[in-house]
Amino acid sequence: MTDHVAAFRRERDAVLDFCAQLTPQEWVAPSRAAGWRVRDVIAHLGSECHLNLTPDVIKVVRSRDVERLNDDFVAQRADWEIDRVVGELAAWSSRVATVARTTRQWPLGAIRIPIGELGSHPLRLLPSILTFDFHTHLRHDIAPALGKEIPATDADRMSSVVEWMLALLANFGASDRIWLDQPIGLRLAGTGGGTWRLEPVGRGRLRVVAGSHAGTAAQITSAALDFPSWATTRTPWRSQVTITGDAELAERFLDSTNLI
């Protein structure tokens with residue numbers, strides 16, 4: 001089984017290794033995250049780890065706009081020295097990784113925590129949430145913006161990324177797919193991938209069942225490595241997805257998908 005905490009630690013190390021190679025000019029270059037410089041993206045990751053272990057986490061629980069809250073935390077760090085930005089990331093990501101080991105354990109891991117408009121999720125997902133954020137910002141917002149080689153990943157890290165994305169898909173954006181009344185199959189090929197059945201359970205919410213496409217009206221196939229890019233609308237899904245079955249149904253579903 002995937003060790004999601006160890007996966008997060010490896011992703012953390014990948015981000016810190018990448019940071020160690022950046023020039024002063026690269027730190028202040030625009031990233032592909034709208035409105036954020038490279039240093040702002042790193043500040044976001046550091047603040048995210050920090051807030052999980054301080055009373056600031058209550059702001060996330062009560063938020064109705066997580067992205068705006070993230071902007072606020074980044075703005076607080078806009079004038080920090082780079083060493084301080086990286087230092088916060090290094091220190092608090094290490095601490096949250098230690099704590100995350102406990103959050104994967106039952107019964108603590110089963111406690112559901114509200115995350116603003118993203119819905120309520122079991123605490124055990126914490127390391128996967130962080131791995132997703134680190135992975136996606138490094139590989140899709142920072143490295144390509146600087147014209148640098150995309151860092152390699154591995155099956156456990158991708159499994160963690162996919163775990164959180166499927167949990168988010170089940171609830172977030174439900175109001176945009178209340179029309180969905182037939183199950184859809186999702187196959188993610190390659191590293192960290194698998195097959196899932198997305199079953200509508202009412203009000204646009206989904207039940208995610210691993211292992212089969214059986215009985216689905218449409219089937220969506222993509223590389224697992226591409227899933228974070230098109231499912232967050234960083235790139236168009238049409239260039240990275242193939243569809244079989246009811247194409248109209250699948251296309252409408254894909255058009256309604258925008259994870260954050």
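**Figure 1. The largest cavity has a volume of about 60 Å³.** The model shown here is predicted. The structure holds one cavity of 30 Å³ or more. Residues lining the largest cavity are Leu169, Leu186, Leu198, Ile220, Phe227, Trp230, Phe253, Leu254 and Thr257. Two or more lining residues come from each of α9 (227–231) and α10 (247–255). By class, eight residues of this lining are nonpolar, one is polar and none is charged.

Figure 2. The element that gives the most is α7, with seven residues. The lining of the largest pocket has 23 nonpolar, eleven polar and seven charged residues.

**Figure 3. The second largest pocket has a volume of about 440 Å³.** Of the 20 residues that line the second largest pocket, Arg124, Val162, Glu163, Leu166 and Trp196 lie nearest its centre. The elements β2, α8 (155–171) and β5 (205–210) each give two or more residues to the lining. Seven residues come from α8, which gives the most. This lining divides into ten nonpolar, six polar and four charged residues.

**Figure 4. Leu108, Ile111 and Ile113 make a nonpolar surface patch of about 210 Å².** Leu108 is in the loop between α6 (82–103) and β1 (112–114). Leu108 counts as partly exposed because its relative accessibility is 33%, and partly exposed residues fall between the 20% limit for buried and the 50% limit for exposed.

Conventions
Residues numbered from 1 in each chain as written. Predicted model: local features only at pLDDT ≥ 70, side-chain atom pairs only at ≥ 80, totals over all residues. Heavy atoms only, no water. Patch = residues over 30% accessible without salt bridge, like charges linked within 9 Å, V, L, I, M, F, W, Y side chains within 5 Å. Areas by Shrake-Rupley, 256 points an atom, 1.4 Å probe, with all protein chains shown as cover. Salt bridge = Lys/Arg side-chain N within 4 Å of Asp/Glu carboxyl O. Helix = DSSP H or I, 4+ residues; strand = E, 2+ residues; numbered from the N terminus. Buried < 20%, exposed > 50% of the residue type's maximum accessible area, 1.4 Å probe, protein only. 1 Å grid on protein atoms, 1.4 Å probe; cavity = no way out; pocket = protein on both sides within 12 Å on 5 of 7 lines; lining within 4 Å. Points joined across faces, edges and corners; volume = space filled by probe spheres on them. Nonpolar A, V, L, I, M, F, W, Y, C, P; charged D, E, K, R; others polar.
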